[in-house]
Amino acid sequence: MTLTPWERLKTTLRDIHHLKDAAAVLSWDQETYMPPGASHARAEHLATLQTVAHRQFVSPEMEELLATWLDPETGQLSREAAHTLDAPAQALLRETWRDFHRAKKLPSSFVTRLEREVSLAQHVWAEAKRTNDFPLFLPHLRTLIALKLEEAAYLGYRDSPYDALLDTYEPGMTEAEVSRLFAALRPPLMTLLEQVLASPVRPDPSIIVGPFEASKQLAFGRMVLECMGYDFRCGRLDLSAHPFTTSFHPTDVRVTTRVDEHDLFSCLFGCIHEGGHALYDQGLPVEHYGTPLAEPISLGIHESQSRLWENCVGRSRPFWRHFYPRLQTYFPDQLKAVSLDEFYAVMNRVCPSLIRVEADELTYNLHIMLRFELERDLLKGEIPVEELPAVWNQKMDDYLGIRPQKDSEGVLQDVHWSMGAFGYFPTYTLGNLYAAMLYEQACREIPDWNEHVVHGDLLPLKAWLNRHVHRWGRQYPAHDLIQRITGQSPTPGPFLRYLTKKFGDLYGIPIPSEFSQESSIPA
Ligand code: ZN
């Protein structure tokens with residue numbers, strides 16, 4: 001039986017996905033159960049699988065196949081294809097061509113050089129962070145910046161090299177657009193922060209004292225994941241050094257968390273955050289497995305799913321009206337004297353801090369803006385690399401009013417740059433903006449959502465996200481998806497409304513009328 005070109009395309013894409021997903025299983029194992037002695041062998045297994053997958057994808061056969069419907073140089077659909085193919089088929093071709101084109105543009109000699117430098121730089125960065133030694137990392141950072149500029153030149157861009165790198169993580173997003181969104185976000189955010197810090201309200205974290213038994217924390221996290229609609233028949237919860245989600249297929253999406261017996265929130269919010277990511281991956285349309293129609297559209301949209309569940313839902317009062325009495329039964333001695341209001345206030349306490357991953361909802365985005373501005377200016381050559389720590393510390397002072405005493409708590413804290421991941425940071429804040437837009441819309445469209453939450457029924461939100469976000473895969477670019485769902489282009493408005501209302505209530509700050517009226521988000 002001979003296959004039609006369309007069937008051949010889908011079969012080829014599916015076979016390539018099998019290789020990538022097998023590699024993903026090995027990576028998951030590496031982070032969870034692999035014995036440390038196997039690390040060298042595992043690196044070789046992964047390299048082989050990835051090389052074979054890459055070679056199949058950029059093969060002349062693939063190019064020839066794509067040429068059935070489009071111009072392999074420009075991605076332009078033929079007149080016939082544009083007239084005869086439906087929208088999902090056209091999206092499948094558009095996104096496959098995008099991947100193909102990007103993969104083809106990077107010479108394999110360059111990819112090898114980059115990979116070698118990244119693996120070296122990550123090693124040196126870890127050592128530099130441990131020993132608080134920025135000069136040790138400096139030459140590697142310099143090399144990585146040069147390599148990333150080279151990569152941007154291969155990939156091509158219209159306005160700035162940063163665009164090409166950002167596009168890797170958030171397709172279609174540009175430096176100019178991020179600058180515009182951040183410029184609109186920063187002043188109101190800093191004003192709100194000033195008001196919070198001037199407030200006499202001071203939640204006291206010392207009222208929540210452990211230890212909190214690890215097995216109970218995990219059981220509670222698992223129960224919350226079940227309430228969110230995470231399907232354990234098609235998933236697992238395990239432990240790892242850093243929480244993550246990985247997907248091998250919509251029927252096998254796994255999450256991890258970590259447990260600290262002296263921190264009640266780390267395990268729980270790890271579960272909820274990764275649970276949000278996992279619902280997206282479990283909700284991708286299984287019938288399109290192997291094609292872009294069953295892949296997540298962007299990191300920003302992915303992050304919007306985790307932040308929506310973690311922050312908008314998981315740090316909200318209605319959520320804890322249901323879950324706090326249950327948490328108290330898990331830890332009766334530790335929590336019996338802590339009221340719901342006290343617990344809620346401590347969980348949402350705003351406190352400028354040095355470390356991004358420990359930041360509260362309000363200050364978090366200032367950490368991201370700082371990183372965006374620095375990486376953008378580094379790539380432009382506007383900041384000499386050796387001056388990076390000083391510029392970092394000054395910006396921390398300007399935005400957050402605190403100054404790192406050592407680089408390990410400053411410029412060396414994140415792994416991203418050592419991995420060559422320039423252009424990645426903005427996706428975290430985009431995720432927050434998208435999350436607030438989506439949540440505001442969901443609150444309008446789900447009848448009595450607040451009532452559902454206070455009864456622990458979170459499934460209507462999962463169903464809403466399945467229907468409006470997950471099932472589309474990469475059919476709509478992030479910007480279009482947000483526009484279709486909310487009727488607006490990406491904007492900081494809903495996020496600012498959400499923060500102003502939430503922290504205004506919590507810290508006794510008068511809420512400006514333009515913020516109090518429009519928001520239908522339960523605080
Ligand atoms: Zn995340």
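**Notebook: cavities, zinc and a few residues**

My working terms came next: on a 1 Å grid over the protein atoms alone, a cavity is a set of points where a 1.4 Å probe fits but cannot get out, while a pocket is an open set with protein on both sides within 12 Å along at least five of seven lines, and lining residues have an atom within 4 Å of a point. Grid points are joined across faces, edges and corners, and a volume is the space filled by probe spheres set on the points.

A note on the source: this is a predicted model, where local features need pLDDT of at least 70 and side-chain atom pairs count only at pLDDT 80 or more, while totals for chains, interfaces and linings use all residues. Residues are numbered from 1 along each chain as its sequence is written, and side-chain values use heavy atoms, with hydrogens and water left out.

**Cavities**

I counted 3 cavities of 30 Å³ or more. The lining of the largest cavity includes W125, R371, D414 and W417. Helix 7 (134-155) and helix 17 (388-400) each give two or more residues to that lining, and helix 7 has the largest share, with 3 residues. I took helices (H or I, at least four residues) as DSSP runs, numbered from the N terminus. By class, I found 10 nonpolar, no polar and 2 charged residues around the largest cavity. Here Ala, Val, Leu, Ile, Met, Phe, Trp, Tyr, Cys and Pro count as nonpolar, Asp, Glu, Lys and Arg as charged, and the others, Gly among them, as polar.

**Second largest pocket**

I then turned to the second largest pocket, with a volume of about 560 Å³. Of its 21 lining residues, R98, R102, D167, P171 and G172 are the closest to its centre. Helix 5 (87-105) and helix 8 (161-169) each supply at least two lining residues, and the largest share, 7 residues, is from helix 5. The classes here are 8 nonpolar, 4 polar and 9 charged.

**Zinc site**

Which residues are the protein donors of the zinc ion? I found H273 (NE2), H277 (NE2) and E303 (OE), lying 2.1 to 2.3 Å from the zinc ion. Donors are N, O and S atoms within 2.8 Å of the metal (3.2 Å for Na, K and Ca); water is not among the atoms, so sites may look incomplete. The spacing in sequence reads H-x3-H-x25-E. H273 and H277 share helix 11 (residues 264-282), 4 residues apart, about one turn of the helix. H273 counts as buried because its relative accessibility is 12%, and H277 counts as buried at 10%. Buried means under 20% relative accessible area, exposed over 50%, partly exposed in between (1.4 Å probe, protein chains only).

**Cysteines**

I looked for disulfides (pairs of cysteine sulfur atoms within 2.5 Å) and the structure holds 0. C443 is in none; the nearest cysteine sulfur, that of C312, is 8.1 Å away. C443 is buried, because its relative accessibility is 12%, whereas C351 is partly exposed at 35%.

**Two single residues**

A81 sits in helix 4 (residues 79-84) and is buried at 4% relative accessibility. Beyond its neighbours within four places in sequence, A81 is in contact (heavy atoms within 4.5 Å) with W69 and Q90.

I355 lies in the loop between helix 15 (340-347) and helix 16 (364-380). Leaving aside neighbours within four places in sequence, I355 is in contact with H367, E409 and Q413.
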